[in-house]
Amino acid sequence: MMTSKLLVIYREQAISQRQLLATRSFCLGLFKLAKAEPDLVFAQPQLYKAEYSYIENLTFNAAVNALLISVRNNLNDAISLQLMCACVGLIAVDQDNIANHYVKQGKTRAPAPLSTSHNTLLRNIKKSKHHIWSSVHFIGPYIHQASRTKLAQFTLLQSIAYIGLKLTLLCTPNKKYKTPKYAFAFKQLCLLSPEHWSRCLTPLLPYPSLTPPGTFVRVNNAELYLVLSISQLGVTVKRIGKKSEEPIVTNLKLTKIESLAQCYSNQTVQKISMLDQWWDRSLQRFLQDQQPQQSVSPFASRSPIQAAPSSLLVVQDQLNNTDTDVSIIAKAMAQEPTFIKQLQQSASKNNRHKQPITSIQQCLAMLGYERASNVLLENALLLKLNQEYFPLQQRLLIFTQLSASIAQFLASKSNRQSPILASKSMHFLLSGLFTSVTIKTLNSWPLGTAQALKLSNLIAVPHKQDLKKISLLLAQTWQQNQSILTDLDEYDLANLSTEKQTIQPTSYLLGLSLVIAKKAYFSQSIDSVETKNYIDLALKSLDLAPKILEEAANTCLCLTAAYSPLCHTESAAR
């Protein structure tokens, strides 16, 4: 068991980068196994392995529960991995104190993880720039006992980590406290948690449910069964006990939750090899013979971002054809309720009387075919890019909306490009920010100090990816026209050492919009000589007066209700 080796590294070696590498390797391996065999992995916190010590069971369960709650809350994989590492590290670095408190009988003080080892580990985590890991590490002093007031101060990611650790401490058998059933532990956690934590706890009800895989249960006939899998119709269970003379497949059955007469708390497994006998090929065959569409997966399905949804392309083809009858377009949109809702919201927002518009025909009349097509595309793009949560998500969305609004405003004033096309181009330009793993694991937005028009300078982090190249590739795979592709490729290639126009006016429009948005969003002055030269060239190319910069910023800030995140970080509550 890799947990044993990991704990030895923490216990016997000086805290250094080695603990971080070993922790990440352990969690990454567990993550991969969970994706391959989710029910087997997520059943482990309900099964105490007698071959291993309490602290080994606790550490392993902490990693599993952290992963489970992360994926159920639809977190980005890189963030889920750091949350796993943080939970494992908090237990491993303080393993002796925790074991002393929970294993020894009698009165002992609750562990207070404020040791030198904790501080050394934290310094190494920060040095390695594991931003999520370091922020979660601060909850260490509160995992054993904390007031509801203190818990209310936790960030979303700290809350998720705390839930995972608390469930682990409650459900892993120890000699100090009686181990509750999972459902009771869940109820206890709900009562302890601040009200707004319900958003983190609710996703656990469909999976693993209140009778998670790994739970021993008795059904109506009083026979003992083990829950192996979850479905919308009930739970798949396997009979446990004396060997039956019947074929082994008859030991498996799908039973409704209401048929369960009794559920047990965490039970001891004497030999870990039993797991392979319970989650075996006969179970796979049984599940395949059932209704696969009724199965419940802990992992949310995610569609690839590299291609536009086929349903969107069909509707866009019809919208781009002015001869298409409105009734045909309405019929096609009826297949995608989200399309209808997006058009209704956009049309209602732009209605002078601010009255809700529900008819598709009215939406199309209000927006026009071109604008309606663009509304659907931009929403589809943002939905694809935001299928999973990361800390800067909301801020990037607001910045994208602000930048697109500024691009529309400048386009309407310059008459060099359709405002609709300008907005679409800006959405694709900023799409690269949503794909960077480095950016997704940031808690705060560090500003770049170089040229404001460069996409790579919008956030001051060492990018391992070419964000501009990704944005361009995404526009290509989403079948955008050549003019948009050219603008995305050339917007930051202007020769700033000459007054000659070296790129198209529409390309300047993107760079200028990005500069204005950054200045307005962060209340930042423009100090770079290169950026000032670019602004002059852009204004000349677009035939705009310098005063348009402030006008565009003020107008669009009001339209998008944007706010600066400079004073709002996801840093840990201390």
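Is Leu67 buried or exposed? Leu67 is buried, because its relative accessible area is 0% and the cut-off for buried is under 20%. That's one spot in a predicted model, so treat what follows as a tour of a prediction. The protein chain has 574 residues, and 55% of them count as buried.

**The overall picture**

- The secondary structure of the protein chain comes to 27 helices and seven strands.
- Along its principal axes, the C-alpha trace spans about 85 × 60 × 40 Å.
- Take the contacts in the protein chain with a separation of 6 or more: 70% of them come from residues 24 or more positions apart.

**Around Leu67**

- Leu67 sits in helix H4, which covers residues 54-72.
- Leaving out residues up to four places away in sequence, Leu67 touches Leu30, Phe31, Ala34, Phe42, Ser80 and Met84.
- Met84 is 17 residues from Leu67 along the chain, and the two C-alpha atoms are separated by 6.0 Å.

**The cavity**

- Rolling a probe the size of a water molecule over the atoms shows where empty space is left.
- Searching the whole structure turns up one cavity of 30 Å³ or more.
- The volume of the largest cavity is about 40 Å³.
- Its lining is made of Phe42, Pro45, Gln46, Asn65, Leu68, Tyr182, Pro208 and Pro212.
- By class, that lining splits into six nonpolar, two polar and no charged residues.
- Phe42 is on the list of residues lining the largest cavity, and Phe42 is also one of the residues that Leu67 touches.

- The largest pocket holds about 1,100 Å³ of space.
- There are 29 residues lining the largest pocket, and the closest to its centre are Ser346, Lys349, Glu378, Gln401 and Gln408.
- Helices H17 (337-349), H19, H20, H21 and H27 (548-560) each put at least two residues into the lining of the largest pocket.
- H20 gives the most, with eight residues.
- The lining of the largest pocket has nine nonpolar, 16 polar and four charged residues.

- H17 has 13 residues and reaches 18 Å from its first C-alpha to its last, close to the 18 Å expected at 1.5 Å a residue.
- The buried residues in H17 are Phe339, Ile340, Gln342, Leu343, Ser346, Ala347 and Ser348.
- Ser346 is buried in H17 and is among the residues closest to the centre of the largest pocket.
- Packing partners for the buried residues of H17 are helices H15 (310-320), H16 (326-333), H18 (360-367) and H19.
- H21 (residues 419-430) has 12 residues, so at 1.5 Å a residue it should span 16 Å; its end C-alpha atoms are 17 Å apart, which agrees.
- H21 is mostly covered, with 11 of its 12 residues buried.
- Among the buried residues of H21 are Lys424, His427 and Phe428.
- The buried residues of H21 pack against helices H19 (369-385), H20 (393-414), H23 (467-477), H24 (482-490) and H25 (505-522).

- Strand S3 (residues 224-231) is largely enclosed by the rest of the structure, because seven of its eight residues are buried.
- S3 pairs with strand S2 (residues 216-219) in the antiparallel sense over three bridges, and Phe216 stands opposite Leu226 in S3.
- S3 also runs antiparallel to strand S4 (residues 234-239), joined by six bridges.
- Ile230 has Val235 in S4 as its bridge partner.
- Two residues lie between S3 and S4, which form a hairpin.

- Most residues other than glycine have a negative phi, and most peptide bonds are trans.
- Tyr207 and Pro208 are joined by a cis peptide bond, with omega about 10 degrees.
- Lys129 isn't a glycine, yet its phi is positive, near 60 degrees.
- You'll find Lys129 in the loop between helix H7 (116-127) and helix H8 (131-137), where Lys129 is exposed at a relative accessible area of 57%.
- Asp543 also has a positive phi, about 60 degrees, although it is not a glycine.
- Asp543 is in the loop between helix H26 (529-542) and H27, and Asp543 counts as exposed at 63% relative accessibility.

Key: Residues are numbered from 1 along each chain as its sequence is written. This is a predicted model: local features need pLDDT of at least 70, side-chain atom pairs count only at pLDDT 80 or more; totals for chains, interfaces and linings use all residues. Side-chain values use heavy atoms; hydrogens and water are left out. Helices (H or I, at least four residues) and strands (E, at least two) are DSSP runs, numbered from the N terminus. The expected span of a helix is 1.5 Å times one less than its number of residues. Buried means under 20% relative accessible area, exposed over 50%, partly exposed in between (1.4 Å probe, protein chains only). Contact means heavy atoms within 4.5 Å. On a 1 Å grid over the protein atoms alone, a cavity is a set of points where a 1.4 Å probe fits but cannot get out, and a pocket is an open set with protein on both sides within 12 Å along at least five of seven lines; lining residues have an atom within 4 Å of a point. Grid points are joined across faces, edges and corners, and a volume is the space filled by probe spheres set on the points. Ala, Val, Leu, Ile, Met, Phe, Trp, Tyr, Cys and Pro count as nonpolar, Asp, Glu, Lys and Arg as charged, and the others, Gly among them, as polar. Two strands pair if DSSP finds at least two bridges between them.
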